[in-house]
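Thanks for asking me to look this one over. Could you open the model beside this note and follow along?

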Amino acid sequence: MEQLKQFLLDLVQLSVHDTQCRAVRDSFLANGIIDAVSTSFSIQSSTFALQADQYYRGGAIHIAGTPQGTLKTLILDHVGNTVKVQANLVNASAGLNFSVWPGCDHLIGTCDTKFSNKENFGGYPAIPTKNPFIGDAII
């Protein structure tokens, strides 16, 4: 039953930009300059404000030029010109260049509208969650 539960999820089981997803990663790349590091885990840049809130949530940012080289981290939140990240930004500072990619929430609507990639969606959104014959949950 656990295998059936795993197989029949409405969320896609692929990773964004992998070989099955086929959304070309660099098609969604944006480059920018850090305007400010507002906390140990928050960066501000006008580049982020060019997209709707949460566009970059779940995505990645690579910050070049830190003392340790390029800092690569996951984006946890995006509102306006600010993103919150997973890694501590103690060595990041205003003026550093970065590359950023949007995240995916693994829903078919996002796959379609954000990535224009609905044909490669790997989930099963039409599977009912209730058994149509007796009303019990299927998964």
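Here are my points, going from the overall fold to individual side chains.

1. Ground rules. This is a predicted model, in which local features need pLDDT of at least 70 and side-chain atom pairs count only at pLDDT 80 or more, while totals for chains, interfaces and linings use all residues. Residues are numbered from 1 along each chain as its sequence is written, and side-chain values use heavy atoms, with hydrogens and water left out.

2. Overall layout. The chain has two helices and seven strands, arranged along the sequence as α-β-β-β-β-β-β-β-α. Helices (H or I, at least four residues) and strands (E, at least two) are DSSP runs, numbered from the N terminus. Of the 139 residues, 35% count as buried; buried means under 20% relative accessible area, exposed over 50%, and partly exposed in between, with a 1.4 Å probe and protein chains only. Among contacts (heavy atoms within 4.5 Å) between residues at least 6 apart in sequence, 62% join residues at least 24 apart.

3. The sheet. The seven strands make an open sheet with antiparallel pairing, and the order is β1-β7-β4-β5-β6-β3-β2. From one strand to the next, the twist averages 35°; axes are lines fitted to C-alpha atoms, for helices over the stretch in contact, and angles run from 0 to 180 degrees between N-to-C directions.

4. Pairing on the β7 side. Two strands pair if DSSP finds at least two bridges between them. β1 and β7 run antiparallel and are joined by four bridges, with Gly-32 having Phe-98 of β7 as its bridge partner. β4 and β7 are also antiparallel, over four bridges, and here His-62 stands opposite Ser-99 in β7. As for cover, four of the five residues of β7 are buried.

5. Pairing elsewhere in the sheet. β5 (residues 69–79) and β6 (residues 82–85) pair in the antiparallel sense over four bridges, and Asp-77 faces Lys-84 in β6. Three bridges link β2 with β3 (residues 42–44), again antiparallel, and Ala-36 sits opposite Gln-44 in β3. A hairpin of two residues connects β2 to β3.

6. The nonpolar core. A nonpolar core is a set of buried Ala, Val, Leu, Ile, Met, Phe, Trp, Tyr and Cys residues joined through side-chain atoms within 4.5 Å. Which members of the largest one touch the most others? They are Ile-43, Phe-48, Ile-61, Ile-63 and Val-100, out of 21 residues. The elements giving two or more residues to this core are β4 (60–66), β6 and β7. Leaving aside residues up to four places away in sequence, Ile-61 has contacts that include Ile-43, Phe-48, Leu-71, Val-85, Phe-98 and Val-100.

7. Aromatic rings. Searching the whole structure gives three aromatic pairs. Rings of Phe, Tyr and Trp (its six-membered ring) pair if their centres lie within 6.5 Å; planes under 30 degrees apart count as stacked, over 60 as edge-to-face and the rest as tilted. Phe-48 and Tyr-56 have ring centres 6.0 Å apart and planes at 70°, so this pair is edge-to-face. Tyr-55 and Tyr-56 are edge-to-face too, because their centres are 4.9 Å apart and their planes stand at 90°. Phe-48, Tyr-55, Tyr-56 and Phe-98 form one aromatic cluster.

8. Lys-114 lies over the face of Tyr-55, at 4.7 Å from the ring centre. A charge sits over a ring if NZ of Lys or CZ of Arg is within 6 Å of the ring centre and within 35 degrees of the ring normal.

9. A cysteine to look at. Where is Cys-104? Cys-104 lies in the loop between β7 (97–101) and α2 (108–113). Cys-104 is buried, with a relative accessible area of 18%. Cys-104 and Gly-59 are 45 residues apart in sequence, and their C-alpha atoms are 7.1 Å apart in space.
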